[in-house]
Amino acid sequence: MRIINAEQLGFSQEEIKQQLEQLDQGRTYQAQRLVYYPYIIFEFTIDRRRFFHPLKGYVGCTIDGVNKIGALADTFPELAKVEVSDQNIIALDLTFAEAKKIAEDFLYNSISARKKVITAPKLNLTKQELFYRPYWIVEGDVDLPGHFFITVDAVSGKFHPL
């Protein structure tokens, strides 16, 4: 068992089952297991004092801890300490230094594309944190030959095939 920083569940095992069966009538679903997926979030201050297109403020980036892909983050997630079995935690596959470099590159590219700037603004790291997002592993058409699995984001309720 390990204590981790995790986002809080938005959907219980039973709620996931009910929602999926309501959306896809005629099929049965069973949320089998809750797993925790790693992310590292970074918050930077941005300060670019130019006559044209000045930029100032905060910008955030979340890095997928397995696939090493960046995404813009509007806010820092609300986290809570959760005790989780090691077998339900997906292993982080990069260091903080690697993740920071990915975040900076992602933000420079995003800012350059959106703001049409030639020179990259200065980013100063203000906050960084490893956190985990819970996902349900759900089996569809339980006990049938054509059964399948999907992952359901336990915070937002969005689902993806496995």
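Is phenylalanine 148 buried, partly exposed or exposed? With a relative accessibility of 25%, phenylalanine 148 counts as partly exposed; buried means under 20% relative accessible area, exposed over 50%, and partly exposed in between (1.4 Å probe, protein chains only).

Welcome to a predicted model, in which local features need pLDDT of at least 70, side-chain atom pairs count only at pLDDT 80 or more, and totals for chains, interfaces and linings use all residues. Residues are numbered from 1 along each chain as its sequence is written, and side-chain values use heavy atoms, with hydrogens and water left out.

**View 1. Tyrosine 29 and phenylalanine 148 form an aromatic pair.** Rings of Phe, Tyr and Trp (its six-membered ring) pair if their centres lie within 6.5 Å; planes under 30 degrees apart count as stacked, over 60 as edge-to-face and the rest as tilted. Tyrosine 29 sits in strand 2 and phenylalanine 148 in strand 7, 119 residues apart; strands (E, at least two residues) are DSSP runs, numbered from the N terminus, as are helices (H or I, at least four). Tyrosine 29 is buried, at 5% relative accessible area.

**View 2. Tyrosine 37 meets tyrosine 135.** Their ring centres lie 6.1 Å apart with planes at 75°, so this pair is edge-to-face. Tyrosine 37 belongs to strand 2 and tyrosine 135 to strand 6, 98 residues apart. Both tyrosine 37 and tyrosine 135 are buried. Ring pairs also join Tyr37, Tyr39, Phe131 and Tyr135 into a cluster.

**View 3. Threonine 62 lies in strand 3 (residues 55-64).** At 15% relative accessibility, threonine 62 counts as buried. Apart from neighbours within four places in sequence, its contacts (heavy atoms within 4.5 Å) include Tyr39, Ile69 and Phe131.

**View 4. The largest nonpolar core has 16 residues.** Such a core is a set of buried Ala, Val, Leu, Ile, Met, Phe, Trp, Tyr and Cys residues joined through side-chain atoms within 4.5 Å. Ile4, Leu20, Tyr36, Trp136, Val138 and Val152 touch the most other members. Strand 1 (2-7), helix 1 (13-23), strand 2, strand 6 and strand 7 each supply at least two residues of this core, and the largest share, four residues, comes from strand 2. A second, separate core of 13 residues includes Val59, Ile63, Ala103 and Leu107.
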